[in-house]
Amino acid sequence: MSRDRVIANNSSTVNLGVDAVFTGTSFVTDGMSALSVSAYASHASAASGLSVQQSPDGTNWDRADTYSVSATTQLDRTVLIVYPYVRIVYTNGGTAQTTFRLQTSLRESWPFPNKLDSNGGFPVGIVSGGGV
């Protein structure tokens, strides 16, 4: 049985004004391996306005995965959890929102790709350079 769960204090449907910021509450990841965030807004975020922040102590936010959210386009991202504390920070762009949906969920396991490659396997990226 999956223990995946929505994190209410890092999710919101409250519209943000011009350049306004939503800052979720720091929470403990309880050994979960991934965090999924979905965002939809009537107007674009600031550049790199969606930030998934991680901390070793709940105070110092040493890691951040950032994304820009385009107007009226759903953005879904899943990040690997490497620190025990996480929070979401969303910075709106230069136009007040009329619609905003932000949902954050902890995931028990890393999700598999939803599409197989032409050989029937999972797609894998190869980074070249700097061999041993």
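Is aspartate 65 buried or exposed?

Tutor: This is a predicted model, in which local features need pLDDT of at least 70 and side-chain atom pairs count only at pLDDT 80 or more, while totals for chains, interfaces and linings use all residues. Residues are numbered from 1 along each chain as its sequence is written, and side-chain values use heavy atoms, with hydrogens and water left out.

Aspartate 65 is buried, with a relative accessible area of 18%, where buried means under 20% relative accessible area, exposed means over 50%, and partly exposed lies in between (1.4 Å probe, protein chains only). Aspartate 65 forms a salt bridge with arginine 63, and the closest N and O atoms of the pair are 3.6 Å apart; the term stands for a side-chain nitrogen of Lys or Arg within 4 Å of a carboxyl oxygen of Asp or Glu.

Glutamine 53 is buried, with a relative accessible area of 13%, and has its place in strand S5, residues 45-55. Strands (E, at least two residues), like helices (H or I, at least four), are DSSP runs numbered from the N terminus. The side chain of glutamine 53 makes a polar contact with the side chain of arginine 87 at 2.6 Å, and another with the side chain of serine 51 at 3.3 Å. A polar contact is a pair of N or O atoms within 3.5 Å; within protein, one must be able to donate a hydrogen and the other to accept it, and residues adjacent in sequence count only if both atoms are side-chain atoms.

Strand S5 is joined to S8 by seven bridges, and the two run antiparallel; strands are said to pair if DSSP finds at least two bridges between them. In this pairing leucine 50 stands opposite tyrosine 90 in S8. S8 also pairs with strand S2 (residues 21-23) in the antiparallel sense over three bridges, and with strand S3 (residues 27-28), again antiparallel, over two bridges. Phenylalanine 27 has valine 86 as its bridge partner in S8.

Leucine 50 and tyrosine 90 bring us to the largest nonpolar core, where, of 22 residues, Leu35, Leu50, Val52, Ile88, Tyr90, Leu102 and Leu106 touch the most other members. Such a core is a set of buried Ala, Val, Leu, Ile, Met, Phe, Trp, Tyr and Cys residues joined through side-chain atoms within 4.5 Å. The elements giving two or more residues to this core are strand S4 (34-41), S5, strand S7 (75-80), strand S8 (85-92) and strand S9 (100-107), and the largest share, four residues, comes from S4. Leaving aside its neighbours within four places in sequence, isoleucine 88 has contacts that include Leu35, Leu50, Val52 and Leu102.

To return to charged pairs, the structure holds two salt bridges. Aspartate 30 forms one with arginine 5, the closest N and O atoms being 2.8 Å apart. This pair links distant parts of the chain, 25 residues apart, with aspartate 30 in the loop between S3 and S4 and arginine 5 in strand S1.

How values were computed
Contact = heavy atoms within 4.5 Å.
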